[in-house]
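This report goes through selected features of one structure. The sequence and structure come first, and the description follows.

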Amino acid sequence: MKKVSKNFDDVPRGLETKKCKVLINQALTENNDHDFKKYYYAHTSVKDALKSIYNNKCAYCESDISVGSPLRVDHYRPKDKVRDCWLEEEDKELDGQKLKRTKKIVSNGYYWLGYEWSNLVYSCESCNGSKSNYFPLKDEEKRIKHPPLRNEKLDKKKCHAHLSPLAEEPRLLLNPELDNPRDHLLCFPDGEVGYYTGEGEMSVKVYDLNRDPLRVKRKECYEKVFDKLARRLERFDREEYSERTVITSLEDILMEDLLSVIQDNGPYYSFFESMILDFDLYFVERFSDPEHKRLLKLAYDSLINSIA
Ligand SMILES: [Zn+2]
């Protein structure tokens, strides 16, 4: 998951039409019986804006459509009835917890946010399906269950996700528009996503960020770079490459296979960013030969100096 910058005041025109404003008022009285009109909340103007903000990737898993599934407009806070879920101790594993999903309804949903720009994110069908109508909080007592009203009309300013009262709701699901996922999540060379915090753990489980196709794809991304580096070092061992040549060659791999993904804001950007920022951990420490370690460090230092 990669932090993005979204201007909550720059509302796409589809959400500002008269008809959409009528629908917002209708939803206030109809609650979750309201027939939410996709034409408006997933209007072309909304989709285009989200596509650009997320660089055509899923907000949660960072896949493009080639790996995930078609991307769609998702309501971060469910517009329909919210179901209960929690983490419980996993019997089979010593560490980690299992997500317990239930059908128990904990609220009628955030129906007043059905057409709210700051509640709309771009998501693949897999993440969206896994997230479903779950929106766990640290403290269920603090869930906001009613729309903010002013003169019996929706107080739009109080519907912004980054402002009070929504900002104070103790959310457990990470949102790349509001949180810095880097503070909560990390990705291992085997493609598994780990977590530092409770929010990270709950997000991994609810969005199902360790589902097989994702783990396999992320592992492939890592191994492709690792294998290329290893093959160049073998050529140095066989004396096919001089020290100068192998360093340049390693640097080229780092440039073409790591940095270019970051520069293009490609799929799994945050994993590639970690590989560059923690290069020693991801690569240098995984080679046993001290000479290989030295050459990798030299190539890395040369790359960093060239872009500094
Ligand atoms: Zn996804």
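## Asn-265

With 15 C-beta neighbours inside 10 Å, Asn-265 counts as partly exposed. A residue is called buried if 20 or more other C-beta atoms, placed from the backbone, lie within 10 Å of its own, exposed if 12 or fewer do, and partly exposed in between. Asn-265 is not a glycine, yet has a positive phi of about 50°. The loop between α7 and α8 (269-277) holds this residue. Helices (H or I, at least four residues) and strands (E, at least two) are DSSP runs, numbered from the N terminus.

## Basis of the description

The model is predicted: local features need pLDDT of at least 70, side-chain atom pairs count only at pLDDT 80 or more, and totals for chains, interfaces and linings use all residues. Residue numbers start from 1 along each chain as its sequence is written.

## Other backbone features

Glu-152 lies in the loop between β5 (149-150) and β6. Glu-152 also has a positive phi, about 65°, although it is not a glycine. Glu-152 is exposed, with 7 other C-beta atoms within 10 Å.

In the loop between β6 (153-154) and β7 (185-187) is Pro-165. The peptide bond joining Ser-164 and Pro-165 is cis, with omega about 5°.

## Helix α3

Helix α3 spans residues 44-53, and Val-46, Ala-49 and Leu-50 in it are buried. They cover an arc of only 95° around the axis, which puts them on the same side of α3; the arc is that of the directions from the helix axis to the C-beta atoms. An α-helix has 3.6 residues a turn, so residues three or four places apart point the same way. Thr-44, Asp-48 and Ser-52, on the other side of α3, are exposed.

The buried residues of α3 pack against α2 (38-41), β1 (71-75) and β4 (120-124). After α3 comes Asn-55, with a positive phi near 50°.

## The largest nonpolar core

A nonpolar core is a set of buried Ala, Val, Leu, Ile, Met, Phe, Trp, Tyr and Cys residues joined through C-beta atoms within 7 Å. The largest one has 69 residues, of which Cys-58, Tyr-60, Cys-61, Leu-250 and Ala-299 touch the most other members. Helix α7 (residues 243-263) supplies the largest share of this core, 7 residues. At least three residues come from each of domain 1 (13-172) and domain 2 (212-307), with bounds taken from an automatic or database domain assignment.

Leaving aside neighbours within four places in sequence, Ala-299 is in contact (C-beta atoms, placed from the backbone, within 7 Å) with Ile-247, Leu-250, Glu-251 and Leu-254.

Conventions:
Two residues are in contact if their C-beta atoms, placed from the backbone, lie within 7 Å.
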